[in-house]
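Please go through the sequence and the structure shown below.

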Amino acid sequence: MTACTPARTGPSGGHSGRTFRTAGRPRLLKPHSPPPPEGGRRFRVAGADVSASIAVFLIALPLSLGIALATGAPLQAGLVAAAVGGIVAGRLGGAPLQVSGPAAGLTLVTAELIQRYGWRTTCAITVLAGLAQLGLSALRVARTALAVSPAIVHGMVAGIGVTIALAQLHVVLGGTPQSSAVHNFLGLPAQLADLHTAAVSVSVVTVVVLLVWPRLPGRAGRVLRKVPAALTAVAAASVLAIAAGIGVPRVDLPSWSSHALPGLPEGPVLGIAVGVLTITLVTSVQSLLSAVAVDKLVAARKDTTVHVPRSNLDRELAGQGAANIVSGALGGLPVAGVAVRSVANVSAGAVSRHSTMLHGLWVVLAALVLVPVLDLIPLPALAALVMVIGIQMVSITHIRSVTRHREVMVYAVTVSGVVLIGILQGVALGIVVASAVAMHRLTRTRITKETKGDVEHIRVRGQLTFLAVPRLSRALHQVPQGATAVVELDGSFMDHAAYETLQDWQMSHMARGGQVEMTGRTGVRIAEPGAGAHACCRPWTPWRNHHCGEHPVAEPRRRTKGHQLASGLSSFQRNTAPLVREELARLSREGQRPSQLFLACADSRLVTSMITASGPGDLFTVRNVGNLVPAPGAESGDDSVAAAIEYAVDVLRVQSITVCGHSDCGAMQALLSSKPDAPETPLRRWLRHGMPSLERMRSTRRTWARLSGGPAGDGAGRLPADAAEQLCLTNVVQQLEHLKAHEAVARRLAEGTLELHGMYFHVGEAQAYLLADTDSRVRDGRDGRTDGESAVFDWVAPSAQPLPSRSRYPSSPAPSTSPTSPAPPASPSSQAASPSSDSPSSPPSPPSPSSPHSPAALPSSKEGASA
């Protein structure tokens, strides 16, 4: 069997082993074929990546200039950060489709650092922040950032958006922004009284195009919307300014020879350390949250033919750190994962990290070649663009989400703190408030009791902790003796004290003739009455064929209406599906590639995934009554098993086939007790495929079996307990003989690419045994003996441990004697002389052969084996 493993990724985190034949058209893998070989052409760029990179570049170019303008940094610094974010973070990061660059969320922090320490020191702080990110990545703490409440993150982003919008509004109106959000807000009346018509006209055109462009109707609108709204808005404002001769400040990119590089940090050590910490936290949290969002967008794609690996957050953090080091060293702004550009990248159909890297390359070419064109862009147009982005950072969707989850206070405090005090201080305030709200919810539990007819209803709203135990106990003991009670638990947590209180009252109330039903908020039962009455809620409950709280006698009507199935499905969707959804999605994309074919009995007690510790996609399982493999030519119209064998061996290319028998097998007992004059039924017609096993057991060339508690050769073991167990073991050996007679199996065995295994599972002992030395007997079709001799087949427990005591597990009932069945079991006195697991011994020498139709055809218990 195989273990559940994540999807393969190449050294770059891209699509290892997946190449593309033509631009934009991925090569489809056969759903059941093995993965393509590694190597080959690994740097072919898909057409989808090229088109997506151009779309992202057209968005990133004006945004990078606008963010640089908003921070007060050299305009070239925005282009440097965009290029480095695309190339360095795109190549080294762990989120293949995330686009990094200068982010609007960093505008406030960077502007404050530039104003306080100057541009060269800010670049040095960016380098130090990148080194800090590398250290955090080495400590593998990336997922710790996801522990921050979403309300705090959304509040931080909204606070930054408000601050940006207030600052850029002054530029839009033709003025100059102040040093803080408060001063910008207080200065708005004076700015409105002194409007600059030229700047306002250019800004209005930019805003109108930004808002209208994504909503253009009709077929023409669908075509035009392929051009990014940001690029269209800036281009329209530039054309207007040039055509109308409007005198407004324009972009002025200085020569690259005069570009400022970082210098040694100058300023108080504590202040610089705070700056490094702020840049590190903001860029890290924003990048990691953006990577998670990109994963969700990729998972929602309808096209499943192209596999994009999930983000490796620690690697993404390292990639962001490397990008910040390079960006700061080259005189660029801090770099972070940007949600707007990443969404555009995914929406444009990108399939690998090549799109992100190409977008960075286009930015480099634009910075070198398109400088005269960039110098035509009006600064008010860039300010209007950034202002709209700042407003959009206050998301109505996020506000609705925090309202629905009752975290408005956390959101509001964080927004207010970021706007009025600063980012770090606002986030710290949000964390304090979020912790206080969590503690309040943990201690605030509402417990109510009401009577509806003859049923007492006790409702618990909130989390059940020891602090609520006195009120819970008071409400429970108000329930009259002998009454029917329903306890509804509307919470997700219950500590030990509350659990014991509920359990003790439940058992006490039922002992006095009452009835208790535990339900969740939807009314689905989550517990059952009293452990003493029906103790079935155990850790192995998922393997049991029952649902807690349901009794066949008490509720036959609900059973007949499929309540058990519906309850099980609901439990799966609620508890198990979230845990396996990612793995099943991977298997759905890649197709099934099991490692072995597992032929087992249809007995409900034989849970193959449990006894083999396997997961989805590991086993190709075929189950039938008696784990029978009809010999070729004996199917008589029933080719289902043969078809499954051919499919597994030739199509799925499994590496092994296991035939698994088990104790107390009803099919084997039916074979032992069958009568020649019994009526012909479908079951009897099917069981005729097991007659060779019965004849093999009764033959003069009989095979013996010994079950060992440890590795083969340790000398410990026991013989089968009775004829039924002997037949179960013999049947596995016989079905292996049938397997090798199939053409596909024989061919693979001759090639040496397939193995056959025999397995026996004792249900009562919960012990599995493997047939030892299978290859030497099954592969070549030999029993390792000559005519008239008896062969001993060793069945070995994989782990070296003593066999469980058999005193707790009674032997199978003795089959009735019939002309076609073996002799009845030996007497108890003779059975007592047979070896057992409690006194392991080597099997005695086989008896001399006798007539196959005589009782001596089976070894008697005095000879060391039961009948």
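## The sheet and its strands

Val455 stands opposite Thr484 in S7. The model is predicted. Strands S6 (residues 455-461) and S7 (residues 484-490) run parallel and are joined by 7 bridges. Strands of a sheet pair through backbone hydrogen bonds, either parallel or antiparallel.

S6 and S7 belong to an open sheet of 4 strands. The order is S5-S6-S7-S8, and the pairing is mixed. S5 (446-452) and S8 (515-519) stand at the edges. Each has a single partner strand, so one side of each is left without a neighbour in the sheet. From one strand to the next, the twist averages 15 degrees.

## Helices across the sheet

Helix H20 (residues 469-476) lies across S5, S6 and S7. Its direction is at about 10 degrees to S5. Helix H21 (residues 496-511) lies across S7 and S8. H21 runs at about 150 degrees to S8.

## A salt-bridge network

Side chains of opposite charge can pair when their charged atoms come close. A network of salt bridges links Glu450, Lys452, Arg459, Arg461 and Glu488.

Arg459 has a relative accessible area of 15%, so it is buried. The cut-off for buried is under 20%.

## Other salt bridges

How many salt bridges does the structure hold? There are 14 salt bridges. Among them is the pair Arg310 and Glu582, whose side chains meet at 3.4 Å, N to O. Arg310 lies in the loop between helix H11 (269-299) and helix H12 (313-329), and Glu582 lies in helix H23 (residues 563-590), so the pair ties together parts that are 272 residues apart in sequence. Arg310 is partly exposed, because its relative accessibility is 47%.

Glu737 and Lys740 also meet in a salt bridge through their side chains, at 3.4 Å, N to O. These two residues sit 3 residues apart in helix H29 (residues 723-740), so about one helical turn separates them. Glu737 counts as buried at 13% relative accessibility. Lys740 counts as partly exposed at 23%.

## A nonpolar surface patch

Which residues make the nonpolar surface patch? Val182, Phe185, Leu186, Leu420, Ile421 and Leu429 make it. The patch covers about 600 Å². Helix H6 (residues 181-186) gives the largest share, with 3 residues.

Leu186 is found in helix H6. Its relative accessibility is 60%, so Leu186 counts as exposed. The cut-off for exposed is over 50%.

## A buried glutamine

Gln168 is found in helix H5 (residues 150-172). Is Gln168 buried or exposed? Its relative accessible area is 3%, so Gln168 is buried.

What does Gln168 touch, not counting residues up to four places away in sequence? Its contacts are Ala70, Ala383, Val386 and Met387.

Note on methods: Residues are numbered from 1 along each chain as its sequence is written. This is a predicted model: local features need pLDDT of at least 70, side-chain atom pairs count only at pLDDT 80 or more; totals for chains, interfaces and linings use all residues. Side-chain values use heavy atoms; hydrogens and water are left out. A salt bridge is a side-chain nitrogen of Lys or Arg within 4 Å of a carboxyl oxygen of Asp or Glu. Buried means under 20% relative accessible area, exposed over 50%, partly exposed in between (1.4 Å probe, protein chains only). Patches are made of residues with over 30% relative accessible area and no salt bridge: like charges are joined within 9 Å, nonpolar side chains (Val, Leu, Ile, Met, Phe, Trp, Tyr) within 5 Å. Accessible areas come from the Shrake-Rupley method with a 1.4 Å probe; for residues, only the protein chains shown count as cover. Two strands pair if DSSP finds at least two bridges between them. Axes are lines fitted to C-alpha atoms, for helices over the stretch in contact, and angles run from 0 to 180 degrees between N-to-C directions. Contact means heavy atoms within 4.5 Å.
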